[in-house]
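Keep the structure open as you read.

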Amino acid sequence: MFPATPDKTTARTPRQRRILAQIAVTVCLAAPAASAFAQEQAQPESQVQVQPAPARGIDYSVKVDAPGPLDDLLEENLDLVRWQGNPRLDLDQLQRLVKAAPEQAKTLIATEGYYSPKVSAGLDTSGGKPVARITVDPGQPVLVGDVELVLKGFEPVGVDSTPYDAADLRNRWGLPVGQRFRQADWEGAKRNLLRQVMMARYPRAQLVESSAIVDPDTRRALLKVVLDSGPEARFGELRVEGLKRYSRTIVSNLNRIRPGQEYNEAALQAYQARLQDTGYFSTVEVSADMSAALSEDIDAMTDDQNGIPRPPVANPAILPVLVRVTENKQKNVDVGLGYSTNTGARAQLNYDDLDVFGLRMKSNLITEQKRQTARADFYFPTTEKGYNDSFGAGFERNDLRGEVTNVATVAGRRTWGSPLLERSLTLEYLSERRMVEGVETRRSQSVPLTFSWTKRALDNLVLPTKGYVLNAQFGGAVLPVLTDERFLRASTRFINYRPLGASSNLIVRAEAGVLASRDKAGVPSTFLFRAGGDQSVRGYGYQELGVREGDAIVGGRYLLTGSVEYQYWFKPPWGVAVFYDAGNAADKFKDLKPESGYGLGARWRSPVGPINVDLAYGQALKKARLHFSLGFTF
């Protein structure tokens with residue numbers, strides 16, 4: 001790499017520049033005005049002051065002829081390429097860069113496992129623009145010939161300790177015999193080996209030695225790694241820092257880590273995620289407190305320097321679980337505006353209070369063109385067994401397809417599990433007032449109990465590309481207590497993501513439901529089934545498919561829908577989709593005649609989830625409809 005040649009007229013120190021400025025000022029003050037006037041008159045009238053042209057470097061191009069990824073490697077790292085456009089580069093410097101390029105290229109190519117390449121470089125000045133040409137024949141790559149993994153320590157300590165599975169650790173080594181020896185793979189394999197050990201049982205493990213001996217003649221690399229496990233570690237007591245407003249039980253009840261349990265980083269991360277999901281804290285950090293263990297290490301190093309032998313380790317190191325939190329403010333108000341192709345324009349007001357007699361309160365007021373809701377729920381801190389209990393009340397008004405319903409609810413709910421396997425049990429009281437033009441206004445009440453089960457097996461919970469989600473619900477109102485019509489209800493929803501290649505995938509979705517009752521008239525409409533809309537059958541309005549009653553569309557006893565969608569990501573995160581939906585709701589199973597919708601869509605994988613814009617054609621309606629949705633609903 002050649003430094004630019006400095007301009008001698010400007011290469012002065014700051015002190016020199018200050019002195020010259022002072023001299024210039026003194027001369028200007030001392031010179032008579034007449035002298036300046038005389039000098040001006042002495043100048044020829046035709047004389048023109050010419051400003052020097054800005055420096056301009058030589059314009060050249062670089063052509064690299066190398067196979068596969070070596071082409072990109074050289075174009076991104078050669079000095080010959082990086083100096084293009086430099087205004088101070090002249091022809092002599094360019095020739096020196098071309099001359100130095102082969103050795104620099106060999107160094108870069110060696111990081112990819114090619115230690116005997118043939119590299120030539122030349123500068124073609126026959127045309128109007130010089131061309132630097134680099135030609136590479138990488139030859140045969142160096143392969144890993146042998147791997148020696150030396151594991152020190154790893155001896156069980158204590159009566160309940162089990163032997164460490166060293167064979168499994170060796171099998172997971174990331175750079176096996178026969179693989180091309182790349183510098184990046186070598187560094188990555190060492191990091192991953194150390195990481196695997198530190199994540200479980202031995203958090204103070206370290207690499208004490210590593211070497212890679214490369215023989216270009218035999219094209220073999222001999223690798224050696226010496227790993228010291230350090231002392232075995234177990235979890236200790238829970239310590240909490242940062243709590244001021246809220247109860248310690250909010251933190252302690254979510255702790256699944258028990259004293260004496262083997263150290264495991266995944267357990268700490270899971271605990272941290274549970275605390276973050278509570279909403280009580282703006283920041284959460286869960287770690288093992290190693291301060292005492294580090295003090296022991298310092299003492300041991302001092303003993304080694306003084307020649308004092310270390311005593312044998314008789315017990316595992318005990319690491320307390322340290323939780324540091326920053327509390328959210330107790331009260332929070334949010335106001336929002338939005339639009340949905342299902343329910344129209346929306347205005348929303350949220351009010352949360354994290355400490356109402358020890359409970360967390362969440363409330364909202366939502367007004368949309370087709371729906372208005374008001375609701376408040378109170379949440380107890382999670383119990384030691386992992387149960388989340390809540391109760392609340394709400395009111396909802398819906399104006400859909402000629403049917404207007406006003407529903408008041410009071411409910412109690414218990415949820416448990418994890419985002420991967422979530423379960424809930426809900427007991428509620430509903431009072432409904434239903435109005436359909438031309439039909440007598442009807443009131444009904446019910447006390448249903450509903451169990452919900454959701455299984456998520458996805459590669460990403462926010463932006464899934466592979467896996468499935470399955471939800472099943474079963475419940476009903478079977479006791480004649482505050483219930484006008486007893487019923488049983490079951491429903492299921494399923495969505496599957498299947499990759500078809502690096503840039504495309506298939507999404508299959510299905511939903512089914514059934515209601516059993518002696519008379520449908522006394523069952524609250526919220527437990528009946530409809531179809532149509534962004535998350536159902538596209539090409540039809542929200543809840544547009546159902547049972548006709550007068551001039552209105554109402555819910556039915558049966559539901560069956562399905563969808564197939566192909567997505568192609570032409571420039572991630574942007575993509576396009578083609579889809580076909582079908583389904584309907586009816587009071588009799590034989591009347592479940594599916595209505596079809598199909599069309600095209602645009603996709604964007606936003607940070608908050610996939611955003612979908614679809615133009616769908618409803619076959620039964622003979623017209624197209626625009627749909628907009630964010631993510632999926634379960």
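This is a predicted model, so treat it as a prediction while you look around. Start with E1 and strand E3 (residues 131-137): these two pair in the parallel sense, over five bridges. Within that region, Asp-65 sits opposite Thr-135 in E3.

Now zoom out to the whole sheet. It's an open one made of three strands, ordered E1-E3-E2, with mixed pairing. E1 (61-65) and E2 (118-124) are at the edges and have a single partner strand each, so one side of each is left without a neighbour in the sheet. From one strand to the next, the twist averages 15°. In general, strands of a sheet pair through backbone hydrogen bonds.

Next comes a helix: H5 (residues 91-110) lies across E2 and E3, and runs at about 165° to E2.

What about the nonpolar cores? Here are two of them:

| Core | Size | Some members |
|---|---|---|
| Largest nonpolar core | 24 residues | Leu-74, Leu-80, Ile-109 and Ile-134, those with the most contacts inside it |
| Second, separate core | 22 residues | including Phe-235, Ile-250, Phe-281 and Val-286 |

H5 gives the most, with seven residues.

Finally, click on Ile-109. Leaving aside neighbours within four places in sequence, Ile-109 is in contact with Leu-70, Leu-73, Leu-74, Tyr-114, Pro-117, Val-119 and Val-136.

Note on methods. Residues are numbered from 1 along each chain as its sequence is written. This is a predicted model: local features need pLDDT of at least 70, side-chain atom pairs count only at pLDDT 80 or more; totals for chains, interfaces and linings use all residues. Side-chain values use heavy atoms; hydrogens and water are left out. Two strands pair if DSSP finds at least two bridges between them. Helices (H or I, at least four residues) and strands (E, at least two) are DSSP runs, numbered from the N terminus. Axes are lines fitted to C-alpha atoms, for helices over the stretch in contact, and angles run from 0 to 180 degrees between N-to-C directions. Contact means heavy atoms within 4.5 Å. A nonpolar core is a set of buried Ala, Val, Leu, Ile, Met, Phe, Trp, Tyr and Cys residues joined through side-chain atoms within 4.5 Å. Buried means under 20% relative accessible area, exposed over 50%, partly exposed in between (1.4 Å probe, protein chains only).
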